[in-house]
Amino acid sequence: MNDTLSSQYDEAQPMSLRERKKRLAQATIEETALRLFQQQGYEHTSIQDIADAVMMSSRTFFRYFASKEEVLLGPMRTILSDGLRFLQRVAPTESPHAALRATVEYLASRYQQQRASFLTRYQVVMQIPSIASIYLYALMETEPAICDALCSHLEAATNRHEIRLLVAIYMAALRVALEEWLEQEAQGDLVSLLREYLDSFSSLSHHV
C-alpha cells in the first residue's frame, strides 16, 4: 500500500511553468545559501551576502524566502506539509496505525530523495543551538495537525487522546531514525531504518 500511495501522490502533482521557474530560483538560492553557511557560518552570512552571490537584490530574495531560517528549514516544513496531504489520500477505512505508518514512511522517502541537501542542512543546524532546537521542533509542531487529520479522516480514529499519543510515537520514530541516519552522513536506507524502529513497537497497543 505504501509504495503505491506514494507513487500515486507524487504523480498527481503537476507543476505549471511559472511554478517550475519559481522552484528553480528557490533551489539556486538554497544551494548558494547552504554553501555560504558552510563557508562563513550561518550567523555570519547575511541575506545580502546570499543575494549578492546569486546576483539579485535583497528585495528579490524576499519574494522567495521570508528569512535565512526559512532557507535552512523550509524544505523540512514543506515535506511535513506534503505528509499531511498524503495522509488525506489514505482510505478512510484504514486503521490509525496503518495510516500513520504509510505517512511516516512516505516522509522518510522524501527526506531520502534529498539526501545531500538534508545532510548539509543538518551539519549547519547542529552548529547553532538556537537553530537546532527549532529544527527538532519542526517535527513536533506538525503533530497536532496530523492528529486532527486522522480524527477527521479515519473512521476508526475516534479517541483523540489515544490518537495524539500514537502520532507522537510514530513521529518520534521518524525523528530518531532521521537523526541516526544523518549522524551516519545519510548512508544506508532511511526507510528501512525507520521500519526497524516501527517494527520494534509493532507489538504494542494495536487496539487503537
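Biologist: How far is the sulfur of C147 from the closest cysteine sulfur?
Modeller: This is a predicted model, and in it the distance is 4.2 Å, to the sulfur of C151. A disulfide needs the sulfur atoms within 2.5 Å, so C147 and C151 are too far apart for a bond.
Biologist: And how many disulfides does the count come to?
Modeller: The count is 0.
Biologist: Is C147 buried or exposed?
Modeller: C147 is buried, at 0% relative accessibility. C151 has 24%, so C151 counts as partly exposed.
Biologist: Switching topic: which residues touch the most other members of the largest nonpolar core?
Modeller: Those are L72, Y111 and L150, in a core of 65 residues. Helix α10 (residues 160–183) gives the most to this core, with 11 residues.
Biologist: What does Y111 touch, leaving out residues up to four places away in sequence?
Modeller: Its partners are M76, I79, L80, F118, L139, L178, W181 and L190.
Biologist: What about E30, buried or exposed?
Modeller: E30 sits in helix α2 (residues 17–40). Its relative accessibility is 18%, so E30 counts as buried. Leaving out residues up to four places away in sequence, E30 touches F65, V71, P75 and R121.
Biologist: Last one: where is confidence lowest?
Modeller: In helix α1 (residues 2–11), with a mean pLDDT of 45, while helix α3 (residues 47–53) is highest at 97. Over residues 1–11 the pLDDT is below 50, though this stretch has 21 contacts in the model beyond near neighbours in sequence. Where pLDDT is low, the predicted coordinates should not be read in detail. The protein chain averages 87, and 90% of the residues score at least 70.

Notes
Residues numbered from 1 in each chain as written. Predicted model: local features only at pLDDT ≥ 70, side-chain atom pairs only at ≥ 80, totals over all residues. Heavy atoms only, no water. pLDDT = per-residue confidence, 0-100. Helix = DSSP H or I, 4+ residues; strand = E, 2+ residues; numbered from the N terminus. Contact = heavy atoms within 4.5 Å. Core = buried A, V, L, I, M, F, W, Y, C linked by side-chain atoms within 4.5 Å. Buried < 20%, exposed > 50% of the residue type's maximum accessible area, 1.4 Å probe, protein only.
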